[in-house]
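Me: I am new to this structure and would like to learn how to read it. Could you take me through it one feature at a time?

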Amino acid sequence: MLRGPCRLFRVSVAPVAALAVALVSSLSRCSLLEPEDRVVSPLSPYFGTKTRYEDANPGLLPDPEAPRRDPQLLEETCIPVQLVALIRHGTRYPTTKQIRKLRQLHGLLQARGPGDDRIRAAGGGDLGAVLANWPLWYADWMDGQLVEKGRQDMRQLALRLASLFPVLFSRENCGRLQLVTSSKHRCVDSGAAFLQGLWQHYHPGLPPPDVADMECGPPRINDKLMRFFDHCEKFLTQVERNATALYHVEAFKTGPEMQNILKKVAGILQVPVNNLNADLIQVAFFTCSFDLAIKGVKSPWCDVFDIDDAKVLEYLNDLKQYWKRGYGYTINSQSSCTLFQDIFQHLDKAVEQKQRIVLS
C-alpha cells in the first residue's frame, strides 16, 4: 500500500510509441559531504525512511545526477509514452514533536548532578556528559521543513529522470507535465525544487526563475488525492482516532526487548530509567540519522546504540507502520484507492492511445 505520498507527476508524449512506464520513487536523506569524505554509521540500514538515500542506493555516490538504466527496463524496440511517478519529499528537519522530545532528553542529561558522574570519576568515558554538552541546534520552527539537501535531492532526481527519458522530458513536452502535491510545506517545496531541476536541464547555467514563471508551471495542490487518508472517514474513525488501534505497538514498547534497551541506555547516560520511555529512546536513535543526513555528522547519539538495539528500534517503527499504514487494517489500503485509480486511469489512457495508433 502507498501511504503518505508527497507529489505525483505525469508526463507524456503524443501517442506514437508502444510503452507506458510507471515509476515509484521514495527519497530519504543524503549527506552534505562529498562521497570521498562521507561519514557513515553502521546503524544506517535500520533508520527506515530516515535512511540517507545514498546509503540505500550507493550507486548514486559517483554522480547523483547521472541516470542509471536497468538494461531490462526498456528494450531498444520500445519507446516510453508516459511516465507516472509517486515521489516522497526530500531530506527534512525533524518535526516539532520530535524536537521537543529530544529537548526533554537533553534536559535530563544536563540535570545530572555531580553524584551521577561515577563513570567519569572512575576514569571511564561518560557518554552522557558528552551528549549533555553536544549542541542541540534543532528549533521548533524547523518542524519537518525541507532542508537545502532535500531541495538538492529533488533537483538531482529531476535531472536523472530527464536524462533517462529525454523524449518525455523534452522542452516541447513541458506543457504536458502535470505535477500534483499535497499542501505539506515540505512537499510543496520539494515539487518546486523538482521543477528547478528541470529548468537546470533545459537551461544549463542559468539561474531558475520563480516557479510560477517556469515553462512547466507550478505544482497543483490536491490533498484529496495526495493525502487520501485525511479524507477517508472510515480510516479516521477506525485507525487514526481509535485509541486501541495501535495496541500492539504500545505493548511492544513496554515489552522485554524495549525494556532491555531502556535499562541499557539509562546506564550509559547515567539517568534514572524511570525518566526514560520508548518514545524518547526512538527520538534519540533517529537523531543519529538526522545529524548524518542534514549535517553529515556522526553525533554521539550514534554511539548510544549498537546493531542489536537498532534492530529492535527498526521493528518498533515497522510495527507502527504495519498497523497504522500497512496491512494491519483493511481500511489502510482501501483508503488509497482514489490515488491508485488516478494513476491507472492515466496509464490505461496511454495504452488506449497506443492501440489506436497500431490500428490506424
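Me: Leaving aside its neighbours within four places in sequence, which residues is Ser335 in contact with?

Reply: Contact means heavy atoms within 4.5 Å. By that rule Ser335 touches Phe228, Cys232 and Phe235, once neighbours within four places in sequence are left aside. This is a predicted model, where local features need pLDDT of at least 70 and side-chain atom pairs count only at pLDDT 80 or more, while totals for chains, interfaces and linings use all residues. Residues are numbered from 1 along each chain as its sequence is written, and side-chain values use heavy atoms, with hydrogens and water left out.

Me: Where does Ser335 lie, and is Ser335 buried or exposed?

Reply: Helices (H or I, at least four residues) and strands (E, at least two) are DSSP runs, numbered from the N terminus. Ser335 lies in the loop between helix H13 (330–334) and helix H14 (337–359). Buried means under 20% relative accessible area, exposed over 50%, and partly exposed in between (1.4 Å probe, protein chains only). Ser335 has 6% relative accessibility, so Ser335 counts as buried.

Me: How do I read a pair of aromatic rings?

Reply: Such a pair is described by the distance of the centres and the angle of the planes. Rings of Phe, Tyr and Trp (its six-membered ring) pair if their centres lie within 6.5 Å; planes under 30 degrees apart count as stacked, over 60 as edge-to-face and the rest as tilted. That rule gives 11 aromatic pairs here. In one of them, the rings of Tyr322 and Trp323 have centres 5.2 Å apart and planes at 85 degrees, so the pair is edge-to-face. Tyr322 is partly exposed at 38% relative accessibility, whereas Trp323 is buried at 15%. Ring pairs also link Phe47, Phe285, Phe286 and Phe305 into a cluster.

Me: Which charged end sits over the ring of Phe286?

Reply: A charge sits over a ring if NZ of Lys or CZ of Arg is within 6 Å of the ring centre and within 35 degrees of the ring normal. For Phe286 it is the charged end of Lys50, 4.4 Å from the ring centre. Likewise, Lys295 has its charged end over the ring of Trp137, 4.3 Å from the centre.

Me: What about Cys187: which helix holds it?

Reply: Cys187 is found in helix H6 (residues 185–202). With 2% relative accessibility, Cys187 counts as buried. Cys187 and Gly90 are 97 residues apart in sequence, and their C-alpha atoms are 8.1 Å apart in space.
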